Amino acid sequence: MKLTVFGATGGIGQEIVRQALEAGHEVTAVVRDPARLPVTGERLEVFRADLGDSAAVRPAVAGRDAVLSGLGARRRADAGAGAATRLTRTVLDAMEAEGVRRLLVVSAAPVGPEPEGAGLLDRAVRGAVSAVLKDVYTDLRAMEAELARSATDWTAVRPPRLQDKPLTGRYRTVIGGFPPKGRFAGRADVAHAMLAMTEDAGTVKQGVGVAY
């Protein structure tokens, strides 16, 4: 497939690029600073762009089979409030202008419903995290609302606390919900799940929980 990856210099984004290349896909990695992308490959195109202008990124999505975004929300002061929503809107505008439909984005577990049978501890942890990261999750909910209003075949992938660990391929996914007692997910496995969902029609226009 021909894939475009936004947020390609981030933890999940780099893993998407690396794993997609290893699987034989053609990848366009959209970055602000190419020096921050350590991944290389014959089928990799590095596309430098500022995501403030949808017209500037249209060439990066034109003719692609799917777009994957590891942009997510930001807590950095320089990112500004609502960064995930704003950046995703740029991607959506570019995709809709080019007639590209498949989009997968990284969201977060607390944006979706509680897992079935969640115990007192899980609910307490979820509530505490949501309170601390209130602005982040407000941004991600607004981002998902933008997806729902779009004409794209979107999927919002919702991991819990992220870890840097090698790819295992052993994780659980729940369409429209979240795996019970799923408290962690490795960035490499989230990327693996996103690539697997790219051609999964059952995940279209759905939030999908991913966790160990």
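Modeller: Contact here means heavy atoms within 4.5 Å. This is a predicted model: local features need pLDDT of at least 70, side-chain atom pairs count only at pLDDT 80 or more, and totals for chains, interfaces and linings use all residues. Residues are numbered from 1 along each chain as its sequence is written, and side-chain values use heavy atoms, with hydrogens and water left out.

Colleague: Which residues is V190 in contact with, leaving aside neighbours within four places in sequence?

Modeller: I12, V157, P159, L162 and A185.

Colleague: Is V190 buried or exposed?

Modeller: V190 is buried, at a relative accessible area of 0%. Buried is under 20%, exposed over 50%, partly exposed in between (1.4 Å probe, protein chains only).

Colleague: Where is V190 found?

Modeller: In helix 6, residues 187-197. Helices (H or I, at least four residues) and strands (E, at least two) are DSSP runs, numbered from the N terminus.

Colleague: Switching to T203. Where does T203 lie?

Modeller: In the loop between helix 6 and strand 10 (206-211). T203 is buried too, with a relative accessible area of 2%. A polar atom of its side chain lies 2.8 Å from the backbone oxygen of D200.

Colleague: Now the sheet. What is the strand order?

Modeller: 3-2-1-4-5-6-10-8, an open sheet of 8 strands with mixed pairing. Two strands pair if DSSP finds at least two bridges between them.

Colleague: Why is one side of strand 3 and of strand 8 left without a neighbour?

Modeller: Strand 3 (44-48) and strand 8 (172-175) stand at the edges, so each has a single partner strand.

Colleague: How many bridges join strand 5 to strand 6?

Modeller: 5, and the two strands run parallel. L104 stands opposite T155 in strand 6.

Methods: A polar contact is a pair of N or O atoms within 3.5 Å; within protein, one must be able to donate a hydrogen and the other to accept it, and residues adjacent in sequence count only if both atoms are side-chain atoms.
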